[in-house]
Structure formats: C-alpha cells, structure tokens
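Hi,

Here is the structure I promised to send over. Have a look at it first, and my notes on charges and one of the helices follow below.

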Amino acid sequence: MRIGIIGLPGVGKTTVFNALTRGSAQSGSFGGNRSANIGVAHVPDKRLDKLTAMFKPKRTVPAEVTYVDLPGARSAEASDLFSGEAMGHLQKVDALLHVVRAFEDPSVPHVLGSVDYRRDIEKVNFDVLFADISLLDRRIDRINESMKGLKAQERVRAEKNIVILREIQQEMENGTAARDRSFTEEEKLAISDTFLLSKLPLLVALNIGDDDLGRADALEAELAELLPGSRSGGAVLCGKLEEELAQMSPEEEAEMRAGLDAGESGLNRMINLSYSVLGLISFLTVGPDEVRAWTIEVNTTAPRAAGTIHSDIERGFIRAETVGYDDFVTAGSMAQARTNGVLRQEGREYIIEDGDILNFLFSV
C-alpha cells in the first residue's frame with residue numbers, strides 16, 4: 001500500500017510523515033523542500049507478536065505501508081500543490097492523505113491568513129477536482145485533434161466519449177469527486193487512459209496542537225461529518241508530539257503516552273483508518289523460517305491471495321490449508337488445530353477472511 005501525503009504549505013506534512021515512518025526528514029516552511037520524502041511504516045499487528053512467540057521463526061515480517069511526502073508547494077495554488085513532479089508521484093499511490101492544520105503557531109503564519117480546517121479541507125478538495133477537470137480538458141483536446149484520422153464508426157465512439165467526459169466534468173464542477181460516484185462500463189472505457197486524482201480514496205489527518213489533545217474525540221466526530229463517504233475518513237493527531245514519540249524506544253513511548261494520556265499512536269490510528277477506507281485486510285503465513293503478514297483487499301479469493309506471495313502459486317493453485325487466527329491460538333499448534341477440526345481445506349472460490357493463517361498447495 002502506497003499513500004501520498006498532500007496539503008497546503010506550513011500544515012506539518014513532513015512532521016506527520018516523520019511521525020508515521022519514524023523518519024527524520026527535514027521540515028521546511030512554505031515549500032522549502034522541492035523533493036519528495038519516501039518512507040516505510042510497519043503495520044502494527046499483535047497477532048504477529050503472538051505467532052512469533054509460538055514459532056520462534058528466523059524472521060518476522062509485518063505488512064508495510066509506504067508514505068510519500070510530496071514535494072513542498074510554494075503557494076496555495078492548485079497548480080503548485082499538484083505540480084508535474086507531485087503528479088508523477090500521485091499516479092503511483094493507492095490513496096491520498098491530506099494533512100490539515102488545526103494548530104496555532106505565530107512563527108509559521110497560515111498561508112491563507114488564518115487557521116480554519118473546514119475551509120482548508122474544502123479548498124484542497126476543490127483543487128483536486130480542478131486538477132481532474134484540467135486533465136479531462138486535455139483528454140478532450142486530444143480526442144478532437146485525432147478526429148480527422150478516424151473512420152466513421154470510430155468518430156461516433158470518439159464523439160460519445162467527449163460527451164461522457166464533459167458529463168463527468170460537470171459533476172466535478174458541482175463538487176462530486178470520482179471516488180463518490182459509480183461508473184458505468186461505458187464511462188470506465190471513456191476514462192480508462194486518464195488518471196483521476198479524485199478517484200483515489202481520501203484520508204484526512206487533522207494536525208492539532210498539544211493544547212487540543214483533550215478535544216481530539218470531538219474534533220474527530222466533526223471530521224466524520226465532513227467526510228461521509230465510504231471511501232474517505234479522518235483521524236486527529238498532534239503531529240509534533242507524535243514525531244517526538246516516534247523517535248523513542250517502544251518502552252519509552254508507551255510510558256510517555258501513558259503519562260500524557262496521549263492514547264493510541266498516530267501510526268496505529270492512520271493505518272487502521274487506511275485499512276478501513278481502502279477495504280483491506282491481512283492474512284498470515286507461519287513457519288520456523290518466517291512469520292509474515294500480507295495485505296489484500298476484502299473479498300479476495302484464495303488464488304488471488306496466493307498471487308500476493310508469488311504469481312507461480314496463483315497460477316498453480318490447488319487448495320489452501322486454512323485456520324482462523326483465534327482458532328489456531330486456542331489449539332496451540334497445527335496438529336491440534338487439525339485434531340480440533342478447525343484446519344480446513346479450501347478451494348478456488350474461498351474468500352479470505354482477516355487473520356486467516358494460510359498454507360497454499362500448488363503445482364507448476
């Protein structure tokens with residue numbers, strides 16, 4: 001999973017990036033940094049800890065999320081927020097993480113003159129739509145330029161595509177993001193070679209000051225009202241505090257969180273939100289060599305899940321030996337799980353469930 005971090009200048013994008021990746025990228029006010037920061041975060045999963053204690057493998061491999069802190073913008077203009085380099089990175093991500101400022105800091109004036117997170121969410125949402133409208137304009141221009149060389153039937157199809165693209169544009173001008181509408185097969189074909197930024201799932205991180213930690217739950221409830229769609233969601237965190245805590249050892253961090261009543265880590269909150277909005281789950285593989293978590297989409301079949309490990313396993317899939325995590329922990333071993341009747345043989349139509357422990361049998 002790859003997530004692109006966007007936001008206005010001076011909102012704490014890089015601070016949040018450091019908090020999520022335990023990184024140390026240099027923050028720069030108002031677009032001082034023109035290159036992207038890329039970091040990887042391990043997905044916290046207590047199930048892996050338990051399985052590691054049981055199997056004592058040579059290595060434990062958690063699922064990973066790659067965060068891309070986009071090149072710093074020098075202004076709040078859409079053309080600057082989504083520059084050529086930024087769009088190049090965005091075309092490779094699975095979701096957007098919009099960092100929104102809700103903290104006061106006189107030393108870093110807000111680029112729009114005042115702190116208003118509702119306004120900023122609306123503005124950047126509009127800028128995303130504006131970027132898509134511009135992309136569709138260029139697509140329409142290319143179709144018109146190619147008209148002369150088309151045969152009659154191809155011309156009819158091209159003209160129909162233009163009508164469809166203009167209808168999608170009109171909906172965007174009225175505020176409807178591509179993620180919030182369904183597409184007919186005809187519409188999918190018309191936009192098949194056009195990258196739409198607003199089609200990506202949207203996560204919002206409301207970056208608060210430490211003096212607002214007591215209001216985090218109330219602010220998160222307000223965010224939920226602003227982001228009602230199934231493919232969007234928000235979480236509240238104090239980026240500066242989370243960045244500091246992320247540099248500590250796990251033991252020191254836990255002690256400090258307890259003392260500050262800081263609650264669950266920002267990393268956990270954002271990853272849980274990411275999995276929920278993107279519709280993701282994890283399955284597990286175990287053994288003396290490796291205990292590992294693998295990320296897949298909800299409703300993934302067993303052969304497709306096998307393909308996340310290696311394409312040959314999907315191609316030669318025979319069946320999957322499957323046991324649920326809770327059933328396995330209760331049994332204590334694969335042998336006992338088989339005796340208890342909870343180790344099952346599943347075929348090609350089996351839909352993987354979160355926490356399934358799988359062993360794929362295949363032949364190529």
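Predicted model: local features only at pLDDT ≥ 70, side-chain atom pairs only at ≥ 80, totals over all residues.

Residues are numbered from 1 along each chain as its sequence is written, and side-chain values use heavy atoms, with hydrogens and water left out.

**Salt bridges**

Searching the whole structure turns up 22 salt bridges. A few to look at:

- Glu222 pairs with Arg118, with 3.6 Å between the closest N and O atoms. Glu222 sits in helix α8 and Arg118 in helix α5 (residues 117–146), so this pair ties together parts that are 104 residues apart in sequence. Helices here are DSSP runs (H or I, at least four residues), as are strands (E, at least two), numbered from the N terminus. Glu222 is partly exposed at 25% relative accessible area, and Arg118 is partly exposed at 38%.
- Arg181 and Glu187 form a salt bridge at 3.1 Å, N to O, and both residues are buried.
- Asp212 and Arg215 form another, at 3.4 Å, N to O. Asp212 counts as buried at 16%, whereas Arg215 is partly exposed at 41%.

For those labels, buried is under 20% relative accessible area, exposed is over 50%, and partly exposed is in between (1.4 Å probe, protein chains only).

**Helix α8**

The buried residues of α8 are Ala216, Leu219 and Leu223. Viewed down the helix axis, they fall within an arc of 65 degrees, so they line one face of α8. That arc is taken from the directions from the helix axis to the C-beta atoms. The face turned away from the buried side carries the exposed residues Asp217 and Glu225.

**A negative patch**

Glu104, Asp210, Asp211 and Glu244 gather on the surface in a patch of negative charge. A patch takes residues with over 30% relative accessible area and no salt bridge, with like charges joined within 9 Å; Asp and Glu count as negative. One of the four, Asp211, lies in the loop between β6 (202–207) and α8 (216–226), and Asp211 is exposed, at 65% relative accessible area.

Cheers

Key:
Patch = residues over 30% accessible without salt bridge, like charges linked within 9 Å, V, L, I, M, F, W, Y side chains within 5 Å. Areas by Shrake-Rupley, 256 points an atom, 1.4 Å probe, with all protein chains shown as cover. Salt bridge = Lys/Arg side-chain N within 4 Å of Asp/Glu carboxyl O. Charge placed at Lys NZ, Arg CZ, Asp CG, Glu CD.
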